[in-house]
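Take a look at the structure below. Keep it in view as you read this short report.

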Amino acid sequence: MKTIAAIERLLMSGERAFLIALVVVMVALSFLQVVLRSFFSAGLLWGDTFLRSLVLWVGFLGAALAAAEDRQFSMDALLRLLNGRTRAVVELVVHSFTAAVCWFLILASWSFFLGEFESGGTLFSIGAHEVPAWPFETILPLGFALLLLHYVLKAVLAVHAAVTGAVKPPSTEYPAP
Amino acid sequence: MTFALAAALLVLAFLGAPVFALMGALALYLFHGAAIDSAAVIIELMRLASLPALIAIPLFTFSGFVLAESGAPRRMLALAVALFGWMPGGLAIVGLVSCALFTAFTGASGVTIIALGGLLYPMLLKEKYPEGFSLGLLTCTGSLGLLFPPSLPIILYGLVAKVSIDDLFVAGAIPGVLLILLLSGISMVVAWRSGLRRAPFSGAAALAAARAAAWEIPLPVLIVGGIYGGVFTATDAAAVMAFYVLVVEMAVYRDVKPADLPRIVRSSMILVGSILIVLGTALGLTNYLIDAEVPEKIFAALSLYVHSKTVFLLILNILLLVVNMVEIFSAIIIVVPIIIPIAAQYGIDPIHMGIIFLLNLEIGYMTPPLGLNLFLSNRRFDQPLPKLYRAAFPFWVAHVLMLALVTYWPQLSLWLLHLKDS
């Protein structure tokens with residue numbers, strides 16, 4: 001079980017580091033765009049399209065961390081009332097269901113991604129250089145894969161908790177520190 | 001099969017399954033049933049990347065979390081006390097105004113009660129405001145300010161309803177200000193009845209407080225003024241604010257250390273991610289429902305019983321109060337696309353609808369037994385929930401009165417907008 005927790009931590013620190021880099025780029029570039037537009041009546045032609053793709057990346061990485069920290073939107077009133085093995089079993093059911101949905105969403109994303117890859121669409125051009133759309137769209141299967149991984153890990157931890165009866169009390173922090 | 005699936009999803013929802021998974025499962029099932037490739041769900045999700053205003057969500061959320069981490073709440077409160085503290089009910093009004101401002105700027109994520117409530121509660125008690133009044137006031141201020149820029153729920157409503165976010169902000173101004181005036185009036189009466197002493201006004205203290213907050217004072221002027229004045233769009237305002245806040249709090253005040261940044265990015269982007277994933281998976285579902293003309297079918301069934309706009313609005317208000325107790329961001333994403341076409345059939349303007357919707361959200365936050373603010377107060381002030389239900393009740397009534405006014409007097413929301421357009 002320690003290994004599972006370690007994998008989860010490793011995954012989260014990777015997601016966090018990447019997220020920080022993306023947010024810094026997003027803040028700086030979006031401000032630069034406003035400055036260029038307001039004072040120089042110009043602006044990077046590819047800037048806005050790039051930023052919009054960035055939001056998708058930030059969103060998926062944030063969602064992956066939200067999954068890891070049990071902060072996805074849900075009706076958790078009932079779950080908070082449960083304790084011990086009952087709670088672990090309910091968590092196992094919920095996490096397995098979520099993981100299954102993520103699996104089908106990965107399949108859907110993959111089919112979408114292949115279509116995009118083969119059609120070879122252009123997202124934007126920098127000068128004469130055309131930047132294809134597909135590298136930016138890798139976040140779709142990748143993002144759902146990260147979510148799947150988190151929920152599978154959680155399901156495994158829930159099995160362990162159900163067997164041993166060692167169940168963590170629900171977190172009462174809101175919003176998380 | 002459909003019935004069994006719906007029942008299973010409902011059970012899973014009550015067991016605490018994430019909203020995005022429920023939406024995704026339903027969308028995948030419905031598209032599969034209509035013999036449409038599952039990639040269609042993802043094509044809908046990809047529409048997120050074509051919404052120009054979407055970036056306002058991460059930028060505003062990030063700046064709000066930076067502000068909440070910094071000394072800005074403390075400085076803002078000191079300034080408000082120095083400016084308004086001398087009025088009858090002054091400290092309560094200070095609380096209302098600063099909480100509204102703070103909620104608008106932090107995206108109404110529940111930080112207000114945690115960050116400002118903790119500072120204000122002992123201050124109110126020290127000035128001998130009744131305990132019940134103080135608790136009720138702070139519980140309702142946790143969502144006050146939802147109608148002002150740059151509040152996150154308003155941006156989300158604009159994106160989902162496909163109406164201009166800037167127009168929504170303009171429309172929310174008068175109802176938002178009236179609500180604060182109404183609550184300020186109540187505070188004055190309470191202060192007068194409890195025979196509270198008034199603090200004298202001190203020019204020196206006001207100047208000192210203004211000097212301490214000198215770098216933060218331009219922010220509301222820049223953002224709120226910029227949007228109302230039509231200088232910026234909400235998206236530009238978000239970009240300016242994120243950059244400005246980061247520079248001011250890290251380099252000028254140095255309240256936020258570089259070492260704090262990972263934590264701030266993490267907690268703000270968790271909120272953003274959990275909103276966007278629900279938005280992304282729900283886009284497929286709501287689009288399917290609209291293609292299947294579900295709103296029209298609901299309207300056809302409803303119009304047999306509900307003939308007048310007035311009765312429809314009443315039913316809508318009650319429905320929204322119940323829905324919003326569950327989770328407000330998901331409520332906006334799922335309910336708005338269905339309700340807008342129905343409301344349009346009854347001749348309700350989508351912008352007016354937005355103000356009704358958001359005021360309902362505000363009330364949902366403080367409605368027993370599940371309103372989020374009540375739980376936050378319960379944790380922050382360590383008071384039992386039934387006591388908070390009682391304390392918040394007079395404020396709840398004031399909100400409902402305001403809601404009735406906003407609902408049945410559309411010009412309250414639309415007048416300023418018409419003025420701006422003409």
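Is Cys140(B) buried or exposed? Cys140(B) has 0% relative accessibility, so it counts as buried. Cys99(B) is buried too, because its relative accessibility is 1%. The cut-off for buried is under 20%.

Now check for a bond. A disulfide needs two cysteine sulfur atoms within 2.5 Å. The cysteine sulfur closest to that of Cys140(B) belongs to Cys99(B), and it lies 8.6 Å away, so the gap is too far for a bond. Over all chains, the count of disulfides is 0. Cys99(B), accordingly, is in no disulfide.

## Helix α21 of chain B

Helix α21 of chain B covers residues 411–421. Which of its residues are buried? They are Leu412(B), Ser413(B), Leu414(B) and Leu417(B).

Other parts of chain B cover these buried residues. Among them are α10 (165–193), α18 (350–364) and α20 (385–408). An α-helix has 3.6 residues a turn, so residues three or four places apart point the same way.

## Confidence

This is a predicted model. Among the elements of chain B, α20(B) has the highest mean pLDDT, 92. Helix α12 (residues 218–228) of chain B has the lowest, 81.

For the complex, the predictor gives an ipTM of 0.91 and a pTM of 0.89. One caution applies to predictions in general. Where pLDDT is low, the predicted coordinates should not be read in detail.

Key
Residues are numbered from 1 along each chain as its sequence is written. Chains are lettered from A and ligands numbered from 1 in the order in which they are written. This is a predicted model: local features need pLDDT of at least 70, side-chain atom pairs count only at pLDDT 80 or more; totals for chains, interfaces and linings use all residues. Side-chain values use heavy atoms; hydrogens and water are left out. Buried means under 20% relative accessible area, exposed over 50%, partly exposed in between (1.4 Å probe, protein chains only). Helices (H or I, at least four residues) and strands (E, at least two) are DSSP runs, numbered from the N terminus. Contact means heavy atoms within 4.5 Å. pLDDT is the predictor's confidence in each residue, from 0 to 100.
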